[in-house]
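Look over the sequence and the structure below. Then read on for a short tour of its parts.

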Amino acid sequence: MAQRSDARYLTALQPVAGRGLGVVAEADIQRGTRILAESPLLSTRHSTLCEPQAVIEQFEGLDRSSQALYLELYSYEESPFKLAYEQLMAKSWHELLPVHQKAYLIWTANAFGDSNAVYLHASRFNHSCIPNVEVHWNPALEKQTCHAIRDIKAGEELTITYIPLYLARIERQARLHHWGFQCACAACEDTELGKATEAKRMQLIKYADELSNGLRDGSETPWTKSLVRAAKLAKLQVAEGLLGGRSLRPR
Ligand SMILES: [Zn+2]
């Protein structure tokens with residue numbers, strides 16, 4: 001029997017309350033499971049054209065069925081990229097064909113990662129400030145891979161982060177405006193638990209800043225002091241469920 005390259009069969013695209021469609025676990029998923037290994041559908045990584053032209057050229061290069069699937073992805077109609085397009089191209093947004101407007105808005109809402117690409121599956125993950133999935137470009141496979149970074153229960157939504165996570169709630173919300181939504185995850189909800197989670201996030205930022213500043217300016221000697229700081233940081237990361245590494249880098 002052919003070996004499966006990922007475990008996407010453990011997930012399904014479903015409506016999620018208040019969040020449109022989301023990727024939901026259909027069975028328990030163990031930490032470390034590779035949920036996706038996926039090639040880009042549309043990537044501007046190697047294009048020499050300016051971004052909007054590259055997106056439109058790539059879109060036109062897709063076959064009809066791929067175009068139809070691409071056009072089902074989320075787009076944000078009030079996107080600030082409409083204005084950015086006009087400034088970059090010195091052209092009115094309305095001169096673009098409606099299908100190209102849609103293709104470009106989908107790209108601005110869904111492209112991510114080192115490959116600067118849109119994926120049919122990986123671009124379906126919603127955001128959380130406490131994600132349970134982490135994405136990495138795998139250069140050996142030339143695919144985007146998505147791994148569970150903690151055990152995920154059947155029925156739980158799979159989420160990634162769209163932004164760096166060492167940010168205060170107000171900064172996270174400002175960055176997420178790009179996608180046109182207000183995050184209401186457990187770290188952002190306006191409850192006592194949400195406030196306590198935010199207080200821990202601020203503590204994490206403080207620890208990370210102290211650690212990186214101490215290492216950078218050489219003031220953290222002896223090195224045991226830095227190790228103690230790193231251990232405190234790691235303990236709090238685990239307690240808060242922030243187990244990925246990629247988006248947690250100190251600023
Ligand atoms: Zn959040």
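Contact here means heavy atoms within 4.5 Å. Helices (H or I, at least four residues) and strands (E, at least two) are DSSP runs, numbered from the N terminus. The model is predicted: local features need pLDDT of at least 70, side-chain atom pairs count only at pLDDT 80 or more, and totals for chains, interfaces and linings use all residues. Residues are numbered from 1 along each chain as its sequence is written, and side-chain values use heavy atoms, with hydrogens and water left out.

**The helix pair.** From α1, the residues E51, P52, V55, I56, F59 and E60 meet V99, H100, A103, Y104 and W107 of α4. Sorted by class, this contact holds eight nonpolar, one polar and two charged residues. Here Ala, Val, Leu, Ile, Met, Phe, Trp, Tyr, Cys and Pro count as nonpolar, Asp, Glu, Lys and Arg as charged, and the others, Gly among them, as polar. Helix α1 spans residues 51–61 and helix α4 residues 98–110; their axes lie 9 Å apart, at an angle of about 110°. Axes are lines fitted to C-alpha atoms, for helices over the stretch in contact, and angles run from 0 to 180 degrees between N-to-C directions.

**The sheets.** Two strands pair if DSSP finds at least two bridges between them. Another open sheet has three strands, β3-β8-β7, with antiparallel pairing. Two antiparallel pairs are set out here.

| β1 and β2 (residues 21–25) | five | Q14 with G22 |

**The zinc site.** Which atoms coordinate the zinc ion? They are the SG atoms of C129, C183, C185 and C188, at 2.3 to 2.4 Å. Donors are N, O and S atoms within 2.8 Å of the metal (3.2 Å for Na, K and Ca); water is not among the atoms, so sites may look incomplete. In sequence, the donor residues follow the spacing C-x53-C-x1-C-x2-C.
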